[in-house]
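Subject: Handing over the structure

Dear colleague,

Here is the structure I promised to pass on to you, and below it I have written out what was found in it. Please keep it open beside this email while you read.

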Amino acid sequence: MLHIYTSRVQLSIVIQILGDIVAPPKSAWPKRSTDAWLSFHQVDRLIVAGNGQGVIDGRGESWWKLQGPRPTALRFSQCNALQVRGLKHRNSQQIHISINGCNGATISNLDIRAPAESPNTDGIDISASTHIRIHDCLVATGEAGGHDEVEGISITNSNFTRTENGVRIKTWQGGSGFAKNITFSGLTFVAADNPIIIDQHYCPHEKCADKIDVIVQLQPTAPMLMAKLVQCTHLSIALSTTRYLGPSTLIY
């Protein structure tokens, strides 16, 4: 595992990955921690670049059939003015890339792949972050990802191939917070089960208690203006809301 923590600095920190970084198999993983494999915390102006050569391979095959928690392959937390570009991500143990608590990030030219049957191998998950731009990426995983308070998210000119879910906004029942100023444009979905989902009744378990007080606000979202759908088996947009929501709560 690699964990980098640093105090706030003014200069950019550049990390170039020009070869393969390969995770240990599940049998060699330290039992005390399954939170994240590669982690950057409070590293402002960080640039992680692969120039189309760098590969991050989570070797997730040894994890996927097992019960219990699995690590995120690459996590950025509280990293402002972040840039991640030109990397190939393969077979994460669970989530490929997590963006949490970041203000201002550009994610570009990534190639993220895992088998369609790999469980919850989200491409990019975003939470508690603002002003995030994702463009010119290819995602072909078991679940493509994306969700807490998020604002100013732009996902453009990217491909999603054989994903369970393409781009998704999901909120828990009884949750609070907001998701606003989110734009999806120039997206291509190839054989994606659920290309675009906005779900205010998210439940990852077999049964969740119904909660009336759903106060998460979804505001001007443009999910389909320039999206291209190819061989998609389900609805182009799935809107799933609780029966208690009215037009003033979900703005679409």
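With which residue does R113 form a salt bridge, and how far apart are the closest N and O atoms? The partner is D111, and the closest N and O atoms of the two are 2.6 Å apart. Before you look further at this pair, please bear in mind that the model is predicted, and that every distance in this email is therefore a value computed from a predicted model.

D111 also forms a salt bridge with R90, where the closest N and O atoms are 3.1 Å apart. This second pair links distant parts of the chain, since D111 lies in strand β12 and R90 in strand β9 (residues 88-90), 21 residues apart. Taken together, R90, D111 and R113 are linked in a network of salt bridges.

A search of the whole structure finds three salt bridges, and one of them joins D35 to R75, with the closest N and O atoms 2.6 Å apart. This pair, too, links distant parts of the chain: D35 is in the loop between β3 (20-22) and β4 (36-41), while R75 is in strand β7 (residues 72-77), 40 residues away. D35 is partly exposed, with a relative accessible area of 45%.

Turning to the protein as a whole, you will find zero helices and 25 strands. Of its 252 residues, 47% count as buried, and the accessible surface comes to about 12200 Å², of which 50% belongs to carbon and sulfur atoms.

Some of the strands can be followed from one to another. Strand β14 (residues 129-135) pairs with strand β16 (residues 150-156) in the parallel sense over six bridges, and within this pairing T130 stands opposite E151 in β16. Strand β16 also pairs in the parallel sense with strand β19 (residues 178-185), again over six bridges, and here the bridge partner of V150 is A179 in β19.

The largest nonpolar core has 45 residues, and among these F76 and I99 touch the most other members. In soluble globular proteins, nonpolar side chains tend to be buried together.

Finally, I would ask you to look at S118, which is found in the loop between β12 (111-113) and β13 (124-127). Is S118 buried or exposed? S118 counts as buried, because its relative accessibility is 3%. The side chain of S118 makes a polar contact with the side chain of T121 at 2.8 Å, and, leaving aside neighbours within four places in sequence, S118 is in contact with W64 and G142.

With best wishes

Notes:
Residues numbered from 1 in each chain as written. Predicted model: local features only at pLDDT ≥ 70, side-chain atom pairs only at ≥ 80, totals over all residues. Heavy atoms only, no water. Helix = DSSP H or I, 4+ residues; strand = E, 2+ residues; numbered from the N terminus. Buried < 20%, exposed > 50% of the residue type's maximum accessible area, 1.4 Å probe, protein only. Areas by Shrake-Rupley, 256 points an atom, 1.4 Å probe, with all protein chains shown as cover. Core = buried A, V, L, I, M, F, W, Y, C linked by side-chain atoms within 4.5 Å. Pairing = 2+ DSSP bridges. Polar contact = N/O pair within 3.5 Å; in protein donor to acceptor, adjacent residues only side chain to side chain. Contact = heavy atoms within 4.5 Å. Salt bridge = Lys/Arg side-chain N within 4 Å of Asp/Glu carboxyl O.
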